[in-house]
Amino acid sequence: MKKLKEYILTTIGLIFVAIGVEYFLVPNNLAAGGVSGLAIVVNHYFPSISVGSFMLAANIVLFIIAFILIGPSFGAKTIYASLGLSGIIWIMEKYFPISKPFTNNLLLELIYGILIAGVGMGIVFNQNASTGGTDIIAKILNKFFHINIGKALLVSDLIVTLAALFTFGIEKGMYALLGVILNGFVIDEVIQGINTVKEVKIISDKEEEIKKFIIDELGRGVTIYHARGGFTNEEKDMLVVLLSRREFIRLREYIKQIDNKAFITVSNVHEVFGEGFKNLD
């Protein structure tokens, strides 16, 4: 069931990416990096080669090269995601095409395209998969030229953006570069938003009741620290627990009912590994 959930979420993410690319970036010739951007450039010179078909062929070729040069280090989910994205875009082109952009505002189209595609990419990356393409090129550059992955990705995306500049003109090339930059920010924010949990620290006279609620009602573990007030010198126990947003709201409402003078601090934690959260593998 866990694997099935991962593949379902990956597919949902791919649909978002496909919508952003096919309905916002492609109609406006906004080649914002990646294999999809390269496909937009190629489609301009060879209209008979659709964006989805080129992406599918390019990803297959890149995977073959990667297996030869790097070895089988790409997981099944990455293969599924890269080929799945190409397939979804091909289906959209064939059965749900659009004849022209939704608006005449290029910046608006770019922002919506990058936001929708970036949300999808964030979901895909959060399932420990990637859409292949320039990720594969980056790993090849990293192995043979010792360029770190982040810089290698930037190099490959910049090459695609330069191709867009020469193909569609300096204005669209600059928009494409802006799209590459925005895409990275959107993906990071989505991943952080999905994984963020609340670290809650509680000092209360109703410590036992709160601890029981956390364990019995929320199903979470709790850590107890012995603390001493610097002003009063009074010793008390401090409860520390990691919760989802929804669980924190339930806990806050419970504490408000039994001890509205409790002292509570809340922090965002972006990654948690261990029982009840993500596995290290």
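## Salt bridges at a glance

Seven salt bridges turn up here, a salt bridge being a side-chain nitrogen of Lys or Arg within 4 Å of a carboxyl oxygen of Asp or Glu. Keep in mind that this is a predicted model, where local features need pLDDT of at least 70, side-chain atom pairs count only at pLDDT 80 or more, and totals for chains, interfaces and linings use all residues. Residues are numbered from 1 along each chain as its sequence is written, and side-chain values use heavy atoms, with hydrogens and water left out.

## Two pairs in helix H9

Take a look at H9 (residues 207-217); helices here are DSSP runs (H or I, at least four residues), numbered from the N terminus. Glu208 pairs up with Lys211, their closest N and O atoms 3.4 Å apart. Asp216 and Lys212 make a salt bridge too, at 3.0 Å from N to O, and they sit four residues apart, about one turn of the helix.

How open are these spots? Lys212 is exposed at 54% relative accessibility, while Asp216, at 47%, is partly exposed (buried is under 20% relative accessible area, exposed over 50%, partly exposed in between, with a 1.4 Å probe and protein chains only).

Over in helix H10 (residues 245-258), Lys256 and Glu253 are three residues apart, so about one helical turn separates them. Salt bridges with shared partners tie Arg252, Glu253 and Lys256 into one network.

## Helix H1

H1 (residues 2-25) has 24 residues. Its buried residues, including Leu14 and Val17, pack against H2 (34-45), H4 (76-95) and H5 (106-126).

Technical notes. The expected span of a helix is 1.5 Å times one less than its number of residues. Contact means heavy atoms within 4.5 Å.
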